Amino acid sequence: VTKEEVTSSWEANLRVKESRALSNVGSIIEAAAILERSFPRTRNSEQQRQPHDHATLESLMLLGNLHTMSGRVSDAVTEYKFALLKNPYALEAVERLAKLGCDESTILALVDVGMKRLAKERFSLSQNQSTDGGNEPLLPIDGTLREYALAHSTLHRNQLTSSLQHFTQLSSQFPHHPYLLLQKAHVQQELGHILASEQNYQHVRALDSHWMEGMDKYAHLLFQLRMSRKNAFMLQQGGFIHYQYSGHGGRDKMENDSVTCGVEDELGQLAADLLDIDDKKPEPWVCLSLYHLARDDHDKSIAFVDKAISINQQHSYAHYLRGSILLASQRPDHAVVSFFRANDLQRDIPSYEGLVESYLAADKFKEAICTAKEAISSAPRDARAITLVGLALSQAPASQQNGEGKERAKRALKRALALDPGAPRPLFALVDLHASEGSFDTC
């Protein structure tokens, strides 16, 4: 079968199937090359690039996904834009563009052009191919589409509060839509609204007991929730607490194991349910990894998360969890690699947190400070990002900061507390900083 420019719709479908088959066996470059040769881009009368006449929404989305996996981000953005122009209701294209950094104005402009093209086609069809376009109806951008674009663009710019408002609005229109509830739960989890997030995860599972996507994040939430209960117990016993966002760090064995048996039971049941649904997805293995992490079995935990990554190397949370386990196992140099990969796949604050913590554990203070500043540029109003700068500056040697590091760290931590007064991490870091200087009255 030749791999030249297609001339008919049936040939186009054949090329797409061939490309998808190659993609499924891991031949990403070859799969993309088939589509590029089969659907070469053309130019219109204004010399602007446009998709091939026989390019379909499926071929455009597939080529965009292949370019994303091979690191050709600008080419991927172009394909997703073409997909949105082809079909303005292609919600997956909206989400992918937002993830790759397109702002909502660009996305909404593409949707508007697509709507006008769609309206023109419908008008032409209803008028039996009439060329008179004087009374062409224009389909306005649907309010739901606007909310959806805003929800994802703010989410991927780490404007979590705004994103939650948009997803809440969408879920009020579609109260039983699992995907919207799942996205809402994810954002609530990032914001620390653990109980509300758990309720939405449970709602998703009640609506569809075979739902798989995002259940690894639900497992992480269960881990967080039970750790917070254990922290409360440890405070009652006069012990210490872990105030990190994730499950970084070891957990002391306690005689009363009743505090942690809940997380083991729930995670174990969730892992079993997901494995019964589909053991060819990464989510069940991530859940199983968290189950063994709850039991302090790092060897099994790392083995199961490696299994998840082998199934889907693009699964950002699996790389993040692997980094967390390696950091907890006192292997910060190896953890950096996993956190970096997670951050490359999805630039979010948790992956930046893991990177900064790993660099600090490896005594790479310059890298920690640079990464913390990068986190702030990604999310300038996020207290967690500002906290990272304070932590990095507070632990870096004075010789690397002209003697001003401690004061800058205090200012950063105070700013983080001003943005989120209930955040424990900057509070404890500020207390530790004052205590190290002997300023016990300030503590």
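1. How many helices and how many strands does the chain have? The chain has 21 helices and 2 strands, where helices (H or I, at least four residues) and strands (E, at least two) are DSSP runs, numbered from the N terminus. The model is a predicted one, in which local features need pLDDT of at least 70 and side-chain atom pairs count only at pLDDT 80 or more, while totals for chains, interfaces and linings use all residues. Residues are numbered from 1 along each chain as its sequence is written, and side-chain values use heavy atoms, with hydrogens and water left out.

2. On the chain as a whole, 48% of the 443 residues count as buried; buried means under 20% relative accessible area, exposed means over 50%, and partly exposed lies in between (1.4 Å probe, protein chains only). The chain exposes about 21,700 Å², and carbon and sulfur atoms supply 50% of that area, with accessible areas coming from the Shrake-Rupley method with a 1.4 Å probe, and with only the protein chains shown counting as cover for residues. If one takes the contacts (heavy atoms within 4.5 Å) between residues at least 6 apart in sequence, 56% of them join residues at least 24 apart.

3. Leaving aside neighbours within four places in sequence, Val 94 is in contact with Leu 84, Ile 107, Tyr 148 and Ala 149. Val 94 and His 152 are 58 residues apart in sequence, yet their C-alpha atoms are 7.9 Å apart in space.

4. The next topic is the aromatic rings. The structure holds 4 aromatic pairs, where rings of Phe, Tyr and Trp (its six-membered ring) pair if their centres lie within 6.5 Å, and planes under 30 degrees apart count as stacked, over 60 as edge-to-face and the rest as tilted. The pair of Tyr 201 and Tyr 218 is stacked, because the ring centres are 5.1 Å apart and the planes are at 25°. Tyr 201 lies in helix α10 (residues 194-207) and Tyr 218 in helix α11 (residues 215-236), so this pair ties together parts that are 17 residues apart in sequence. Both Tyr 201 and Tyr 218 are buried.

5. Trp 285 and Phe 304 also form a stacked pair, because their ring centres are 6.0 Å apart and their planes are at 20°. Trp 285 lies in helix α13 (residues 282-294) and Phe 304 in helix α14 (residues 298-311), so the pair ties together parts that are 19 residues apart in sequence. Trp 285 is buried, with a relative accessible area of 15%, whereas Phe 304, at 22%, counts as partly exposed. The charged end of Lys 307 sits over the ring of Trp 285, 5.5 Å from its centre; the rule asks that NZ of Lys or CZ of Arg be within 6 Å of the ring centre and within 35 degrees of the ring normal.

6. Helix α15 (residues 316-328) has 13 residues and is mostly covered, with 12 of the 13 buried. Among the buried residues of α15 are Tyr 317 and Tyr 320, and ring pairs link Tyr 317, Tyr 320 and Phe 339 into a cluster. After α15 comes Gln 330, whose phi is positive, near 60°.

Note on methods
Expected span 1.5 Å × (residues − 1).
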